[in-house]
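Dear colleague,

I am handing over the structure below, and after it you will find what came out of the analysis. Please read the notes with the structure open beside them.

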Amino acid sequence: MKHNDCSVECIGSFADVSLWEIDNPIGSSSSNLGKWRGSVLGNDAVIVARELHNCGVNAKCHLLDPTDSDLVAVSSVLGPDAVVAVGGRAGEVTRSLCIEDEVSRRSWIFSRVPAPSGTLAKMDSDFVYVDYYPEFIEFLNQHLQHLESTARRVIVNLSALSPSREIPSLTIRPLIVQASVPRDVSVSEAIKFATQLREITAAQKALVTMGPRGAVLAIGTESWHCDMSSSENKTILGAGAVFSSEVIIGISKGLDQLELLESSVRSTALRLKSLK
């Protein structure tokens, strides 16, 4: 399958996200010095759909409980035919502030937390990408069970986790589960964590991204690490989502194991360089 012959449906929420990097560890003091590092129209599902759309892939985004202003914002990027509202309400654009410390641990401030209701539309695409954020776990576990017959095509994004945090239970067995870890997690710890992710979620493959240090992939008893090969050490908003889109493209081309990891990391690095 050529990547531009495949279809992808992305499930997640929307926010206009801004990033601030602070000098001191999160929670260490009531005030901090920091630097604004940019903003992006997110969240991850929206960025994945945008990246795939820009590569000629038929990508659609199912937005969980968006405001009417959110729908306008996402439709301006993807086109109105590529956006599906799951519930929704009137209101201004949803915004979030990401505060990140020197080891990439994050704290968030939200203008609102979406509370999806209703049901997800039937999906018959080649791939389904899902943002399994903590606030959506109950809803998604309830409404994604119908994907069990096609669960080999599901990519689950658990977003930022640490090896000490509990891994959520899923009602589907995905093709891939993906998470990101802070910079103070070593490569060996990330590999161990990826193996745990795969075992607990029953995914075929587990990917753990580590920012400028690349990513690790665990399949069965085997694991690999690929470095980003970049001297840059600053955070780029949406980098994990860009990586996810490259993984989907790689799989659609028939790549697997180390070849899939290396291609995804290399393509992500090139894409992020073009976004600076």
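The buried residues of helix α4 are covered by, among others, the strands β9 (154–160), β10 (176–180), β11 (205–209) and β12 (215–219), where helices (H or I, at least four residues) and strands (E, at least two) are DSSP runs numbered from the N terminus. This is a predicted model, in which local features need pLDDT of at least 70 and side-chain atom pairs count only at pLDDT 80 or more, while totals for chains, interfaces and linings use all residues. Residues are numbered from 1 along each chain as its sequence is written, and side-chain values use heavy atoms, with hydrogens and water left out.

The residues of α4 that are buried (under 20% relative accessible area, with exposed meaning over 50% and partly exposed in between, for a 1.4 Å probe and protein chains only) are A190, F193, A194, L197, R198 and T201. Because they cover an arc of only 140° around the axis, they lie on the same side of α4, the arc being that of the directions from the helix axis to the C-beta atoms. On the face turned away from that buried side, α4 carries the exposed residues S188, K192, E199 and I200. After α4 comes A202, which has a positive phi, near 65°.

Elsewhere, α1 (residues 44–54) and α5 (residues 239–252) have axes that come within 8 Å and cross at roughly 50°; axes are lines fitted to C-alpha atoms, for helices over the stretch in contact, and angles run from 0 to 180 degrees between N-to-C directions. The contact (heavy atoms within 4.5 Å) involves residues including I47 and L52 of α1 and V242 and I248 of α5.

Best regards
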